Amino acid sequence: MPKFLIQATYTPEGTKGLLSEGASGRRAAVDQVVSGLGGKVETMYFAFGEDDIVLIVDFPDPVSMAAVSLTVKASGALRTRATPLLTIDEIDEAARRQVNFRAPGP
């Protein structure tokens, strides 16, 4: 199952919601959304600095990740970025594939 690193920052409205329902309430909401699309939350941490939340999630396919991303961003409560995570075996496979590429320039 594809894994994704999700980094998110609360907007002021999102922060008010977090203060109202607490971290455990947000974790339950995240679990519900991810499992509703056949995925699983591997880990979820709250942080301070540039990101407020860092998660690693498994989804059955990239389209499921995109659906969650679009819905969360449309809410206006969070700004998010999702990064696909690849295993060592997947990178080894990628390194073995032939790619016909010519760099730009003379």
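This is a predicted model: local features need pLDDT of at least 70, side-chain atom pairs count only at pLDDT 80 or more; totals for chains, interfaces and linings use all residues.
Visitor: Why may S1 be described as largely enclosed by the rest of the structure?
Guide: A residue counts as buried when its relative accessible area is under 20%. S1 is largely enclosed because, of its 8 residues, the number that are buried is 6.

Visitor: With how many bridges do S1 and S4 pair?
Guide: The partner of Thr9 across a bridge in S4 is Arg79. The pairing of S1 with S4 runs in the antiparallel sense, and its number of bridges is 8.

Visitor: Which residue of S3 stands opposite Ala8?
Guide: S1 also pairs with S3, in the antiparallel sense and over 6 bridges. Within S3, the residue opposite Ala8 is Ile53.

Visitor: Which residue in S3 stands opposite Met44?
Guide: S2 and S3 run antiparallel and are joined by 6 bridges. Opposite Met44, the residue in S3 is Leu55.

Visitor: Which residues are in contact with Val57, leaving aside its neighbours within four places in sequence?
Guide: Val57 is among the core members that touch the most other members. With neighbours within four places in sequence left aside, the residues in contact with Val57 are Pro2, Lys3, Phe4, Ile6, Val34, Lys40, Val41, Glu42 and Met65.

Visitor: Which residue in the hairpin of S2 and S3 takes a positive phi near 125°?
Guide: The hairpin has 6 residues between its strands. The loop between S2 and S3 includes Phe48 and Gly49. The residue with a positive phi near 125° is Gly49.

Visitor: Is Gly49 buried or exposed?
Guide: The C-alpha atoms of Gly49 and Thr9 are 9.2 Å apart, although the two residues are 40 residues apart in sequence. The cut-off for an exposed residue is a relative accessible area over 50%. Because the relative accessible area of Gly49 is 60%, this residue is exposed.

Visitor: What separates the C-alpha atoms of Phe48 and Ile6?
Guide: Phe48 counts as exposed, at 81% relative accessibility. Phe48 and Ile6 are 42 residues apart along the chain, and their C-alpha atoms are separated by 15 Å.

Visitor: Is Gly39 buried or exposed?
Guide: Gly39 lies in the loop between H1 and S2. Not counting residues up to four places away in sequence, Gly39 touches Met1, Val34, Asp58, Phe59 and Pro60. The C-alpha atoms of Gly39 and Phe59 are separated by 4.3 Å, with the residues 20 apart along the chain. Because its relative accessibility is 15%, Gly39 counts as buried.

Visitor: How far apart in space are Thr15 and Leu5, C-alpha to C-alpha?
Guide: Thr15 has its place in helix H1 and is partly exposed, with a relative accessible area of 31%. Thr15 and Leu5 are 10 residues apart in sequence, and their C-alpha to C-alpha distance is 21 Å.

Visitor: Which element gives the largest share of the lining of the largest pocket?
Guide: The largest pocket holds about 360 Å³ of space. Of its 22 lining residues, the closest to the centre are Arg26, Val30, Val68, Val72 and Leu78. S1, H1, S3, H2 and strand S4 (78–85) each give two or more residues to this lining. The largest share, 6 residues, comes from H2.

Visitor: How many residues in the lining of the largest pocket are nonpolar?
Guide: By class, this lining has 4 polar and 2 charged residues. The number of nonpolar residues in the lining is 16.

Visitor: What is the volume of the second largest pocket?
Guide: The lining of the second largest pocket includes Met1, Phe4, Pro62, Leu86 and Glu90, and S1 and S4 each supply at least two of its residues. By class, the lining has 7 nonpolar, 1 polar and 2 charged residues. The volume of this pocket is about 160 Å³.

Notes: Residues are numbered from 1 along each chain as its sequence is written. Side-chain values use heavy atoms; hydrogens and water are left out. A nonpolar core is a set of buried Ala, Val, Leu, Ile, Met, Phe, Trp, Tyr and Cys residues joined through side-chain atoms within 4.5 Å. Buried means under 20% relative accessible area, exposed over 50%, partly exposed in between (1.4 Å probe, protein chains only). Contact means heavy atoms within 4.5 Å. On a 1 Å grid over the protein atoms alone, a cavity is a set of points where a 1.4 Å probe fits but cannot get out, and a pocket is an open set with protein on both sides within 12 Å along at least five of seven lines; lining residues have an atom within 4 Å of a point. Grid points are joined across faces, edges and corners, and a volume is the space filled by probe spheres set on the points. Helices (H or I, at least four residues) and strands (E, at least two) are DSSP runs, numbered from the N terminus. Ala, Val, Leu, Ile, Met, Phe, Trp, Tyr, Cys and Pro count as nonpolar, Asp, Glu, Lys and Arg as charged, and the others, Gly among them, as polar. Two strands pair if DSSP finds at least two bridges between them.
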